[in-house]
Amino acid sequence: MSLQASQQKKASSIRSAAVIGSGVMGAGIAAHLANAGMHVLLLDVVPQSVTEEEEKKGLSLSDAVVRNRLSASAIAKMPKSQPAQLYDPGWVKRLTPGNLSDHLLALGDVDWIVEAVVERLDVKREVLAAIESARRPGTLVSTNTSGLSVSSMAEGRSSEFRRHFAATHFFNPPRYMRLVEVVPTADTDVEVVKLLTELCEKRLGKGVVVANDTPNFIANRIGSFGMLVTLKDTIAYGLTVEEADALTGPALGRPKTATFRMLDLVGLDTLLHVVDNVRERSEDEWEQAVFARPQILERLVALKRLGEKSGAGFYRKLRGEDGRSTIQSLRLDTLEYGDQGRVSSPVIEAAKAAKGVALKAKALINTNPNHKHGKFAWSTLKKTLLYSAAQVGVVADTITDIDRAMRWGFNWDLGPFELWDALGLEETVARMKKEGDAIPEWVENWLAAGHKSFYLESEQKRYYASTGGYSTEEQEDDFISLATLKGSGRTVLSTQGASLIDIGDDIVCLEFHSQSNAIGGEILSAIRQSVQEVSRNWRGLVLANEGRNFCVGANLMLLLMEAQNGEWEEVEEIIRFFQDSMLRLKRLDRPVVAAPHRMTLGGGVEACLPADLIILSPETYFGLVETGVGLIPAGGGCKEAAALAAVRAGTGVGVGRGGNGSARGDLQPPLNELFETIALAKASSSGHEALRQGLLRPQDRVIMRQNSRIAEAKRAVLELDRAGYIAPAEERIRVAGSEGKAVLKLAVQAMQLGGTISEHDALIGGKLAHVLAGGDIRPGSEVSEQYLLDLECEAFLSLCGERKTQERMSHMLAKGKPLRN
């Protein structure tokens, strides 16, 4: 069989894998392979001695439980790990522990072997030699290294082994970080690179960038450079670590961890290893100087202040006698810790006020160029941009590979070249030249040729190519970009909070784009307009967006303001408008498919439930969490939960879009489960857990590849349309009534007596029980959807008037955390 034929077969049939090394990365990779449905053998070395506990049990180094201890311990921790490594704790059964001495030959039975041992070239070479002695020819082998020479690792291995060998650099934690850098050597077969790329993209749901075999590859090379220059400039401009983090975090389109919090997460000793790797392997004297070990890092590491793993780094957390935590920051001149200072300046405030990454970054560097914050921001930013430009053709072949690596591996909103375009390529280069900075020759030539940006936006994004013109960016397979479609004029209608976009084949997508995608009047108006538009002119509707989160819920600030002002008619109008918008969506005579991702909470869930089908990203955190702010779901969430209970009890009559009726049964068990989920404000830790928590229907499903969710939703809409879609009729829902309500309230009273909930929690629980059970009516009564919506509205209004509910709402808005009062 040819290698190409083998690749085509294996891409969809890799069913088993072995991971060598059960440390943080090895265990994380093994867990994620299990998430993808693979059976995984996790191997580590045999321990050199028994533990005290093992000795008490009479065990010795000859016992399997001792010999497999390292990998077995790693697997045992997976179901309860935080953050969760597995989508479903039950999937731990897909992993088998073992050791390299007793189970080496088992490598001959797997389809893919991932080496993830300590970052030492000599150790990796030794392990790869052992792998080669056991693997069957043609088996894929990859190394998880963050920057060692992949070619050097493969020295001494056979030609056949080297053809099937490359690096697959996962980022930590492997489940959550999107980037995988695939790094081939000169000997790696092209088809193997394609196979590894397809496996990581389609089976593991990752974003893949092919990197060159250079020190630290792409993301760590540029990311560590950025950290080093930020550290040096923080000292040079006399800034505190809090000031530097305020200027290099969300204000620049970067995560909240910014620079120094990120360093603490990574580990200061780890950064030194990364720095050493570049310096020792670089042949450029300037780069060697840049990657010299910062003295402050060496001093902190010598003091065992390694960051989060040691309890102190640039920040440290102290726990007081009252149990509350206080975070202190490091004084860079004395290496002493002190309370964090409030950070503010005209530069920072201007960036906060600006909308969007481009305007925020411009505000940082242009608002007050003479302020130390403006000088610092420009200095660190321009150095990172220039260094990134110098790496084109070195760490990667294209600017898109570099931009994707930084977005996917470091969670930047814009990669360096995308950000450079947003700041204005011509203006910033002119400013750099005026300040005496050397501009990479290819950038000079690009501008001299009349180009004003690295990218051209159209239906097909185009970017700088080394040949001197623009190349068309290769789109991810099975990916629909709403931003690209909007840029090419495919917007059908738009409000401040949402847009309806033509995604082809007479299907449109309703995209939320309000702040945090919170549902307010603008989004609800867009839903109503979209229902009319789709009914007249389109085959169906997809609900999806490309925001950081699908939807964090309703506009809590607006509700709180109206409640505090006693504007109860306004509050009721908001609730009724929400409910009616969801009903219109549910009654639409065209198929609707929702494709949520990440945080999908409260009103976000209620916006999904009217759909015929919900297709979730695996990283979907789904839940009706209104009790956390002292309320209950009132946008149809309780009504839909009651309907789901009826269906599960076998008592429904076509409840929900796509629901089906069956014989009558006991409502109480499914009602109890849904009540607990909503009352305790449970949100799933994954899309798969959401399927188990009870708020979804049998037809709803999870797909592994998050970026395919819009394309998959579109296919589902087309299939429903082809099948001859019929709009759902208004339905009646059988409810548990007074007896069911009594059972639920009894559970609430037991929790209150047990001290697990407060008096206000009990009040909320009682209101929720009243609505879910259908009020004080005869058990088994059938009620209309509007009847349950009226109960929702009444309970919601009542709770809005409670002082403790308003305190919870205020606390959530101020702190981002629930208050238990």
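Q: How many bridges join strand 1 (residues 16-20) to strand 4 (residues 112-115)?
A: This is a predicted model, in which local features need pLDDT of at least 70 and side-chain atom pairs count only at pLDDT 80 or more, whereas totals for chains, interfaces and linings use all residues. Residues are numbered from 1 along each chain as its sequence is written, and side-chain values use heavy atoms, with hydrogens and water left out. Helices (H or I, at least four residues) and strands (E, at least two) are DSSP runs numbered from the N terminus, and two strands pair if DSSP finds at least two bridges between them. Strand 1 and strand 4 run parallel, Ala 18 has Ile 113 as its bridge partner in strand 4, and the number of bridges that join the two strands is 4.

Q: Which are the edge strands of the open sheet of 8 strands?
A: This open sheet has the order 3-2-1-4-5-6-7-8, with mixed pairing. Each edge strand pairs on one side only, and the two are strand 3 (95-99) and strand 8 (207-210).

Q: What does the twist of this sheet average from one strand to the next?
A: For such angles, axes are lines fitted to C-alpha atoms (for helices over the stretch in contact), and values run from 0 to 180 degrees between N-to-C directions. From one strand to the next, the average twist is 25 degrees.

Q: At about what angle does helix 6 (residues 121-134) run to strand 4?
A: Helix 6 lies across strand 1, strand 4, strand 5 (140-143) and strand 6 (165-170). Its direction relative to strand 4 is about 160 degrees.

Q: Which residue in the turn of the hairpin of strand 10 and strand 11 has a positive phi?
A: Strand 9 (residues 315-319) and strand 10 (residues 325-330) run antiparallel and are joined by 5 bridges, and in the turn of their hairpin, which has 5 residues between the strands, Gly 323 has a positive phi of about 90 degrees. Strand 10 is also joined to strand 11 (residues 337-339), antiparallel, by 3 bridges, with Gln 328 opposite Asp 339. This hairpin has 6 residues between its strands, and the turn residue with a positive phi, about 65 degrees, is Leu 335.

Q: What is the strand order of the open sheet of 7 strands?
A: Within this sheet, strand 19 (residues 592-594) and strand 21 (residues 613-616) run parallel and are joined by 2 bridges, Ala 594 having Ile 614 as its bridge partner in strand 21. The pairing is mixed, and the order is 15-16-17-18-19-21-23.

Q: How many residues does helix 10 (219-236) give to the lining of the largest cavity?
A: On a 1 Å grid over the protein atoms alone, a cavity is a set of points where a 1.4 Å probe fits but cannot get out, and lining residues have an atom within 4 Å of a point; grid points are joined across faces, edges and corners, and a volume is the space filled by probe spheres set on the points. The structure holds 3 cavities of 30 Å³ or more, and about 230 Å³ of space lies in the largest. Of the 17 residues that line the largest cavity, Gly 226, Thr 230, Arg 254, Thr 259 and Trp 412 are the closest to its centre. Helix 10 gives the most to this lining, and its contribution is 5 residues.

Q: Which helix supplies the largest share of the lining of the second largest cavity?
A: About 60 Å³ of space lies in this cavity, which is lined by 13 residues, with Met 582, Gly 635, Gly 636, Lys 639 and Glu 640 nearest its centre. Helix 26 (568-587) and helix 28 (637-648) each supply at least two lining residues. The largest share, 4 residues, comes from helix 26.

Notes. 1 Å grid on protein atoms, 1.4 Å probe; cavity = no way out; pocket = protein on both sides within 12 Å on 5 of 7 lines; lining within 4 Å. Contact = heavy atoms within 4.5 Å.
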